[in-house]
Amino acid sequence: LEFRRVLFRSLVKRAQTGDEDAFARLVDRHQRRAYRVARNLVPTDEDAQDLAQEAFLRVFRSLERFDFGHDFTTWLYRIVTNLCIDFLRKRRSSYSVSQGIDEDDGPMELEDENQAAPSDHAEAMETAAEVDAVLRTLAPHFQSVLTLRELEGLSCPEIAEIVGATHVTVRWRLHRGRKLFQEEWERRARMREKGAGNLLGENEAAKDALTPDGGRRRGEKGNH
């Protein structure tokens with residue numbers, strides 16, 4: 001880890017003097033990570049690519065003011081995340097999730113997507129899509145900390161530096177975001193169960209309308 005930091009600092013110093021190759025190496029070593037963070041926050045690949053590119057443009061313009069007391073990767077994360085939050089706020093619909101404070105701070109429990117059996121692949125993909133859809137119902141400040149913590153695996157202090165908030169605020173956002181995520185996840189599950197139950201009831205009603213030989217009882221539509 002220390003070697004990585006020393007390497008990046010060396011590249012930044014060289015890039016500050018106008019060394020284009022050094023800046024290109026910084027971009028090359030971070031572009032996938034920048035794109036991944038953006039893609040976990042915004043709806044489309046194209047949006048993520050545009051925001052990652054904009055982030056590197058801002059890095060280039062601000063490179064001479066880079067504070068070597070901070071980690072370059074953390075600085076880049078912050079730029080990407082802020083761009084994504086601004087993007088989401090501009091495009092956010094009127095739907096928003098209510099805010100509040102609760103006591104429990106347990107982990108966000110999601111279905112395991114690492115299933116080895118090929119038959120489970122479609123289900124895992126469906127679960128991943130559902131996770132993404134539920135995340136997008138959250139306000140941007142909840143969505144960003146959950147993405148950085150649950151999907152990128154960053155620590156609370158790292159997230160605090162990235163989003164420009166205190167450690168306590170980040171922990172509260174994580175807690176509240178997890179709870180809102182769980183509530184929305186369960187709400188969607190109930191809707192699916194209700195839909196399946198209605199379909200089952202319709203099928204049973206259709207069966208009751210049939211005579212033993214497969215015809216329809218008198219008075220039912222389709223009777224000849």
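Contact here means heavy atoms within 4.5 Å. The exercises below concern a predicted model.

**Exercise 1.** Determine which residues bring helix α3 and helix α4 together, and classify the packing of the two helices.

*Solution.* Step 1: from α3, the contact draws on D47, L51, E54, A55, F56, R58, V59 and S62. Their partners in α4 are F72, W75, L76, I79, V80, L83, C84, F87 and R91. Step 2: sorted by class, the residues of this contact comprise 12 nonpolar, one polar and four charged. Step 3: the axes of α3 (residues 45-62) and α4 (residues 72-91) lie 9 Å apart, at an angle of about 130°. Therefore α3 is oblique to α4. Step 4: the crossing of α3 and α4 is right-handed.

**Exercise 2.** Describe the packing of α4 with helix α6.

*Solution.* Step 1: α6 spans residues 140-151, and its axis is 10 Å from that of α4, with an angle of about 145°. Step 2: the crossing of α4 and α6 is right-handed. Step 3: α4 contributes Y77, T81, I85, L88 and R89, while α6 contributes P140, Q143, S144 and L148. Step 4: the contact of α4 with α6 divides into five nonpolar, three polar and one charged residues.

**Exercise 3.** Decide whether C84 and C156 are buried or exposed, and state how many disulfides the structure contains.

*Solution.* Step 1: a residue is buried under 20% relative accessible area. Step 2: C84 has a relative accessibility of 0%, so C84 is buried. Step 3: C156 has a relative accessible area of 10%, so C156 is buried. Step 4: a search of the whole structure gives zero disulfides.

Definitions and conventions
Residues numbered from 1 in each chain as written. Predicted model: local features only at pLDDT ≥ 70, side-chain atom pairs only at ≥ 80, totals over all residues. Heavy atoms only, no water. Axes fitted to C-alpha atoms, helices over the stretch in contact; angles between N-to-C directions. Helix = DSSP H or I, 4+ residues; strand = E, 2+ residues; numbered from the N terminus. Parallel < 35°, antiparallel > 145°, perpendicular 65-115°, else oblique. Left-handed = near helix turned anticlockwise from the far one by under 90°. Nonpolar A, V, L, I, M, F, W, Y, C, P; charged D, E, K, R; others polar. Disulfide = S-S within 2.5 Å. Buried < 20%, exposed > 50% of the residue type's maximum accessible area, 1.4 Å probe, protein only.
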